[in-house]
Amino acid sequence: MKLLFRALLLVPLALANMQAFAADYTIKFSHVVAPKTPKGQAAELFAKLVDERTKGRVKVEVFPNSQLYNDKKVLEAMRLSSSKTTGIMAAPSLSKFVKFSKTLQTFDLPYLFNDLNDVHKLVDSPLMDQLATGLDKKGLRALTVWDNGMKVFSIKADKPLRNTPADFNGMKFRIQSSNIAASMIKNLGGTPQKLPFKEVYTSLGQGVVDGQENAWSNIYSKKFHEVQDFISVSNHSYLGYLVVVSDEFWSNLPADIRNQVASALKDATDANRQYAAAADKSDRKKIENDRYAKVVDLTDAERAAWRKATAPVWAEFRDEIGGKLIDDVKNLLAH
Ligand code: LMR
């Protein structure tokens, strides 16, 4: 009797405690890369800052390594989601928005950016709004851009990729779901194959594809270099992410909460740029030290030849992206 009485007393107390700690809103942050990458680290920091700033009213659950969704599925889920209390957030690479935005394809144009400073010049300019325009009509709210880094090429072959088209001929390359990347590979002399990130390691290992293009942190954290022979430091295009959330969820958040979440995202974005700069150097070093794949720097002449070979991609996509927008971006970067 006594015990039952005590137990009854405890129930309302326990409920009260649960209510004190239960979040009002949940954000499921889904991504496909490893936690120790610039995106993975930024997502973790974002979750921590949101918890602090909203005093636990918003809980961010981070799902790395395609645990919850791949990038195609997450965008579908985000668009379909109508919950006002549980939001889906993700940071797919800019290349993966091709179904929803023609203008974002600008980021894939080969040799548009020399380095991440160029990228920041564009992302921090008013042109960014034009590039991401129209996504809200598709149910996606674009919030910020996160870096990974410039892409390099890896290959399983008896020699590195140096000469185009000779070294690309007969080689199959995994690419993201980007039509510009597909055209770029063809112009370099190879054959493109679109595959989800989760399938890259196995596809390389089993010879479904011979090579792939990616940033250092993805190659290292997913061990692509262990099943490849050479990496050519081409820095031919940018791998970065658009952080997006369901428009429905975001618009319905109370303004004070939305501001707190936005301020956490702003700080996570600043930190992401530092993580990316650090990973770019340290993960290249780790790959070199591992000695599975030999890292090869391209000469200026080789780089110029790759640039020339991929120039037709710009003409091919000019009308689709918008000629004026491309010119404005080029003028901003002015090299
Ligand atoms: C890829 O598919 O190679 C990348 O988009 C993965 C990522 O999120 O960095």
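Predicted model: local features only at pLDDT ≥ 70, side-chain atom pairs only at ≥ 80, totals over all residues.

User: How far apart are the end C-alpha atoms of helix H2?

Analyst: Helix H2 covers residues 38-53, which makes 16 residues. At 1.5 Å a residue, the helix should span 22 Å. The model agrees with that, since the end C-alpha atoms of H2 are apart by 22 Å.

User: Are the rings of Phe107 and Tyr238 stacked, edge-to-face or tilted?

Analyst: There are 12 aromatic pairs by the distance rule used here. In the pair of Phe107 and Tyr238, the ring centres are 6.3 Å apart and the planes stand at 40°. Planes under 30 degrees apart would be stacked and over 60 edge-to-face, so the pair of Phe107 and Tyr238 is tilted.

User: How many residues apart in the chain are Phe107 and Tyr238?

Analyst: Phe107 sits in the loop between strand E3 (86-90) and helix H4 (116-123). Tyr238 belongs to strand E10 (residues 238-246). The pair links distant parts of the chain, and the separation is 131 residues.

User: What is the relative accessible area of Phe113, and is this residue buried or exposed?

Analyst: Phe113 lies in the loop between E3 and H4. Its relative accessible area is 1%. The cut-off for buried is under 20%, so Phe113, at 1%, is buried.

Methods
Residues numbered from 1 in each chain as written. Heavy atoms only, no water. Helix = DSSP H or I, 4+ residues; strand = E, 2+ residues; numbered from the N terminus. Expected span 1.5 Å × (residues − 1). Phe/Tyr/Trp six-rings, centres within 6.5 Å; stacked < 30°, edge-to-face > 60°. Buried < 20%, exposed > 50% of the residue type's maximum accessible area, 1.4 Å probe, protein only.
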